[in-house]
Amino acid sequence: MIDKLNIIYRALGSAKLAIFLFFSLAVTSIMGTVVPQGLSPEQYQSIYSPQVYSLLDIFDIFDMFHSWWFTVLLALLAVNLTVCTTIQLRRIFRVYLFPGSKIDDSVFQSADFSKSFQSRKDLSEIKEQSEIILKTLIGRPSSLSTGDGSYLFAEKGKYSRLGVIFIHLSVLFILAGGLIAALWGFDGTMRIVEGETSNLVYLSGGNRAMSLGFDVRCDNFTVDFYAGGVPKEYRS
(Lines give C-alpha, C1' and ligand atoms only; values in the text may rest on other atoms or scores of the structure.)
Protein backbone atom coordinates (compact mmCIF):
# COMPACT_ATOMS: atom_id res chain seq x y z
CA MET A 1 0.00 0.00 0.00
CA ILE A 2 2.80 2.40 0.94
CA ASP A 3 4.68 1.54 -2.27
CA LYS A 4 1.58 2.31 -4.38
CA LEU A 5 1.06 5.63 -2.61
CA ASN A 6 4.72 6.47 -3.18
CA ILE A 7 4.37 5.67 -6.91
CA ILE A 8 1.29 7.92 -7.14
CA TYR A 9 3.11 10.65 -5.20
CA ARG A 10 6.09 10.50 -7.57
CA ALA A 11 3.81 10.46 -10.63
CA LEU A 12 1.96 13.57 -9.44
CA GLY A 13 5.29 15.38 -9.11
CA SER A 14 6.78 14.24 -12.42
CA ALA A 15 8.04 16.68 -15.04
CA LYS A 16 6.20 14.76 -17.80
CA LEU A 17 2.86 15.44 -16.11
CA ALA A 18 3.76 19.13 -15.74
CA ILE A 19 4.64 19.40 -19.46
CA PHE A 20 1.39 17.64 -20.44
CA LEU A 21 -0.70 19.95 -18.23
CA PHE A 22 1.06 23.10 -19.47
CA PHE A 23 0.53 21.99 -23.08
CA SER A 24 -3.14 21.15 -22.43
CA LEU A 25 -3.78 24.52 -20.76
CA ALA A 26 -2.02 26.33 -23.62
CA VAL A 27 -4.13 24.58 -26.27
CA THR A 28 -7.40 25.09 -24.40
CA SER A 29 -6.56 28.74 -23.70
CA ILE A 30 -6.06 29.29 -27.44
CA MET A 31 -9.43 27.63 -28.01
CA GLY A 32 -10.97 29.99 -25.47
CA THR A 33 -9.71 32.99 -27.44
CA VAL A 34 -10.78 31.62 -30.84
CA VAL A 35 -14.31 30.72 -29.69
CA PRO A 36 -16.15 33.84 -28.41
CA GLN A 37 -16.95 33.58 -24.72
CA GLY A 38 -20.10 34.65 -22.88
CA LEU A 39 -22.46 35.21 -25.82
CA SER A 40 -26.13 34.31 -25.71
CA PRO A 41 -27.33 30.92 -27.07
CA GLU A 42 -29.05 32.70 -29.95
CA GLN A 43 -25.80 34.38 -30.99
CA TYR A 44 -23.90 31.06 -30.90
CA GLN A 45 -26.62 29.32 -32.92
CA SER A 46 -26.29 32.01 -35.59
CA ILE A 47 -22.52 31.41 -35.78
CA TYR A 48 -22.29 27.58 -35.59
CA SER A 49 -24.28 24.75 -37.09
CA PRO A 50 -26.58 22.78 -34.72
CA GLN A 51 -24.11 19.85 -34.58
CA VAL A 52 -21.09 22.04 -33.78
CA TYR A 53 -23.11 24.09 -31.29
CA SER A 54 -24.23 20.94 -29.44
CA LEU A 55 -20.67 19.57 -29.31
CA LEU A 56 -19.20 22.84 -28.02
CA ASP A 57 -22.03 23.22 -25.52
CA ILE A 58 -21.45 19.72 -24.08
CA PHE A 59 -17.84 20.61 -23.21
CA ASP A 60 -18.73 24.10 -21.93
CA ILE A 61 -16.54 25.72 -24.57
CA PHE A 62 -18.72 28.85 -24.54
CA ASP A 63 -17.74 29.48 -20.91
CA MET A 64 -14.53 27.49 -21.02
CA PHE A 65 -12.61 29.26 -18.27
CA HIS A 66 -15.36 28.37 -15.78
CA SER A 67 -15.86 24.81 -17.04
CA TRP A 68 -15.34 21.81 -14.77
CA TRP A 69 -12.59 20.27 -16.93
CA PHE A 70 -10.58 23.52 -17.13
CA THR A 71 -10.83 23.77 -13.35
CA VAL A 72 -9.59 20.16 -13.07
CA LEU A 73 -6.57 20.97 -15.28
CA LEU A 74 -5.71 23.97 -13.09
CA ALA A 75 -6.13 21.90 -9.91
CA LEU A 76 -3.95 19.08 -11.29
CA LEU A 77 -1.21 21.53 -12.24
CA ALA A 78 -1.40 23.06 -8.75
CA VAL A 79 -1.06 19.58 -7.20
CA ASN A 80 1.81 18.72 -9.57
CA LEU A 81 3.73 21.88 -8.68
CA THR A 82 3.06 21.40 -4.96
CA VAL A 83 4.40 17.84 -4.99
CA CYS A 84 7.33 18.79 -7.23
CA THR A 85 8.19 21.72 -4.93
CA THR A 86 8.04 19.45 -1.87
CA ILE A 87 10.35 16.88 -3.49
CA GLN A 88 12.79 19.56 -4.64
CA LEU A 89 12.74 21.33 -1.28
CA ARG A 90 13.57 18.13 0.61
CA ARG A 91 16.34 17.31 -1.88
CA ILE A 92 17.82 20.83 -1.78
CA PHE A 93 17.86 20.97 2.02
CA ARG A 94 19.24 17.44 2.39
CA VAL A 95 21.86 17.42 -0.35
CA TYR A 96 22.88 21.03 -0.89
CA LEU A 97 22.03 23.26 2.06
CA PHE A 98 22.68 20.85 4.93
CA PRO A 99 24.79 18.00 3.50
CA GLY A 100 26.08 16.94 6.92
CA SER A 101 28.76 14.29 6.74
CA LYS A 102 27.72 12.79 3.39
CA ILE A 103 30.95 13.60 1.59
CA ASP A 104 32.77 10.91 -0.35
CA ASP A 105 34.30 10.16 -3.72
CA SER A 106 30.88 10.26 -5.44
CA VAL A 107 30.80 14.06 -5.10
CA PHE A 108 34.00 14.38 -7.11
CA GLN A 109 33.22 11.58 -9.55
CA SER A 110 29.98 13.30 -10.60
CA ALA A 111 31.60 16.74 -10.95
CA ASP A 112 31.78 18.31 -14.41
CA PHE A 113 35.47 19.16 -13.93
CA SER A 114 38.06 17.24 -11.95
CA LYS A 115 41.81 17.19 -11.52
CA SER A 116 44.08 14.62 -9.88
CA PHE A 117 47.65 15.19 -8.74
CA GLN A 118 50.26 13.62 -6.46
CA SER A 119 52.24 15.27 -3.67
CA ARG A 120 55.06 14.22 -1.35
CA LYS A 121 53.79 16.49 1.45
CA ASP A 122 52.21 15.17 4.60
CA LEU A 123 48.42 14.66 4.39
CA SER A 124 47.75 17.02 7.33
CA GLU A 125 49.78 19.77 5.64
CA ILE A 126 47.93 19.31 2.35
CA LYS A 127 44.62 19.43 4.17
CA GLU A 128 45.54 22.60 6.04
CA GLN A 129 46.70 24.39 2.88
CA SER A 130 43.62 23.21 0.97
CA GLU A 131 41.31 24.52 3.68
CA ILE A 132 42.99 27.95 3.49
CA ILE A 133 42.68 28.05 -0.32
CA LEU A 134 39.02 26.95 -0.30
CA LYS A 135 38.12 29.40 2.46
CA THR A 136 39.75 32.26 0.53
CA LEU A 137 38.27 31.45 -2.87
CA ILE A 138 34.88 29.95 -2.02
CA GLY A 139 34.03 29.72 1.66
CA ARG A 140 34.50 27.60 4.75
CA PRO A 141 34.68 23.97 3.57
CA SER A 142 33.00 20.95 5.12
CA SER A 143 35.52 18.38 6.31
CA LEU A 144 35.33 14.63 6.78
CA SER A 145 38.15 12.29 7.74
CA THR A 146 37.97 8.55 7.09
CA GLY A 147 40.36 5.66 7.16
CA ASP A 148 41.07 6.18 3.46
CA GLY A 149 41.78 9.89 3.68
CA SER A 150 40.24 13.33 4.20
CA TYR A 151 37.53 15.07 2.20
CA LEU A 152 36.92 18.81 1.85
CA PHE A 153 33.87 20.29 0.18
CA ALA A 154 32.98 23.95 -0.43
CA GLU A 155 30.63 25.73 -2.81
CA LYS A 156 29.40 29.20 -3.69
CA GLY A 157 25.83 30.33 -4.29
CA LYS A 158 24.19 27.23 -2.86
CA TYR A 159 21.15 29.25 -1.78
CA SER A 160 20.51 30.15 -5.42
CA ARG A 161 19.04 26.65 -5.75
CA LEU A 162 16.07 27.95 -3.76
CA GLY A 163 15.19 30.08 -6.81
CA VAL A 164 13.25 27.21 -8.36
CA ILE A 165 11.13 27.01 -5.21
CA PHE A 166 10.16 30.68 -5.48
CA ILE A 167 9.34 30.20 -9.17
CA HIS A 168 7.03 27.30 -8.31
CA LEU A 169 5.40 29.32 -5.54
CA SER A 170 4.80 32.24 -7.91
CA VAL A 171 3.13 29.91 -10.44
CA LEU A 172 1.02 28.41 -7.63
CA PHE A 173 -0.02 31.94 -6.64
CA ILE A 174 -1.17 32.59 -10.23
CA LEU A 175 -2.97 29.22 -10.37
CA ALA A 176 -4.74 30.05 -7.10
CA GLY A 177 -6.10 33.18 -8.76
CA GLY A 178 -7.22 31.14 -11.78
CA LEU A 179 -8.97 28.58 -9.56
CA ILE A 180 -10.72 31.29 -7.55
CA ALA A 181 -11.91 32.89 -10.79
CA ALA A 182 -13.04 29.53 -12.20
CA LEU A 183 -14.95 28.51 -9.06
CA TRP A 184 -16.40 31.81 -7.83
CA GLY A 185 -15.76 34.37 -10.59
CA PHE A 186 -18.28 35.69 -13.11
CA ASP A 187 -18.33 37.85 -16.24
CA GLY A 188 -20.94 40.45 -16.97
CA THR A 189 -21.78 44.04 -17.75
CA MET A 190 -23.29 46.90 -15.80
CA ARG A 191 -25.46 49.52 -17.50
CA ILE A 192 -25.16 52.73 -15.51
CA VAL A 193 -26.22 56.06 -16.93
CA GLU A 194 -24.10 59.06 -15.95
CA GLY A 195 -25.17 60.27 -12.53
CA GLU A 196 -27.15 57.12 -11.70
CA THR A 197 -26.50 54.17 -9.35
CA SER A 198 -26.92 50.41 -9.82
CA ASN A 199 -26.10 47.15 -8.04
CA LEU A 200 -27.04 44.73 -10.85
CA VAL A 201 -24.63 42.86 -13.12
CA TYR A 202 -26.05 41.23 -16.26
CA LEU A 203 -24.16 37.97 -16.63
CA SER A 204 -22.59 37.02 -19.93
CA GLY A 205 -24.34 34.37 -21.96
CA GLY A 206 -27.87 35.49 -21.10
CA ASN A 207 -30.04 38.18 -19.58
CA ARG A 208 -29.82 36.94 -15.99
CA ALA A 209 -29.02 39.72 -13.53
CA MET A 210 -27.12 39.29 -10.28
CA SER A 211 -27.00 41.66 -7.34
CA LEU A 212 -23.52 42.71 -6.22
CA GLY A 213 -24.57 43.51 -2.67
CA PHE A 214 -23.25 47.05 -3.01
CA ASP A 215 -23.93 50.03 -5.28
CA VAL A 216 -21.81 51.48 -8.08
CA ARG A 217 -22.38 55.07 -9.20
CA CYS A 218 -21.23 56.59 -12.51
CA ASP A 219 -20.12 60.14 -11.74
CA ASN A 220 -18.91 61.00 -15.24
CA PHE A 221 -18.70 59.43 -18.70
CA THR A 222 -16.78 60.72 -21.72
CA VAL A 223 -15.95 59.31 -25.13
CA ASP A 224 -13.24 60.37 -27.61
CA PHE A 225 -13.57 59.91 -31.36
CA TYR A 226 -11.19 59.45 -34.27
CA ALA A 227 -11.29 61.98 -37.11
CA GLY A 228 -13.65 59.72 -39.06
CA GLY A 229 -16.17 59.62 -36.23
CA VAL A 230 -15.29 56.11 -34.93
CA PRO A 231 -15.18 55.88 -31.09
CA LYS A 232 -11.57 55.96 -29.88
CA GLU A 233 -11.80 55.64 -26.09
CA TYR A 234 -14.49 55.34 -23.42
CA ARG A 235 -13.82 56.64 -19.92
CA SER A 236 -16.04 56.20 -16.88
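Asp219 is exposed, its relative accessible area being 55%, where exposed denotes over 50%, buried under 20% and partly exposed the range in between (1.4 Å probe, protein chains only). Its side chain meets that of Arg217 in a salt bridge with an N to O distance of 2.6 Å; a salt bridge is defined as a side-chain nitrogen of Lys or Arg within 4 Å of a carboxyl oxygen of Asp or Glu. Arg217 also counts as exposed, at 54% relative accessibility. The structure is a predicted model, in which local features need pLDDT of at least 70, side-chain atom pairs count only at pLDDT 80 or more, and totals for chains, interfaces and linings use all residues. Residues are numbered from 1 along each chain as its sequence is written, and side-chain values use heavy atoms, with hydrogens and water left out.

A search of the whole structure finds three salt bridges. Side chains of opposite charge can pair when their charged atoms come close. The side chains of Arg235 and Asp224 meet at 2.7 Å, N to O. This pair links distant parts of the chain, 11 residues apart, with Arg235 in strand β7 (residues 231-235) and Asp224 in strand β6 (residues 222-225). Arg235 forms a further salt bridge with Glu233, the closest N and O atoms lying 3.2 Å apart. Glu233 is partly exposed because its relative accessibility is 37%. Through shared partners, the salt bridges join Asp224, Glu233 and Arg235 into one network.

The protein chain contains eight helices and seven strands, assigned as DSSP runs (helices H or I, at least four residues; strands E, at least two) and numbered from the N terminus. The radius of gyration of the chain is 30 Å, well over the 18 Å that the globule rule gives for 236 residues, so the chain is more spread out than a compact globule. This radius is taken over C-alpha atoms, and the rule is 2.2 Å times the number of residues to the power 0.38. Of the 236 residues, 21% count as buried. One of the residues in helix α8 (residues 163-184) is Ile165, which is buried at 7% relative accessibility. Ile165 and Thr85 are 80 residues apart in sequence, yet their C-alpha atoms are 6.1 Å apart in space.
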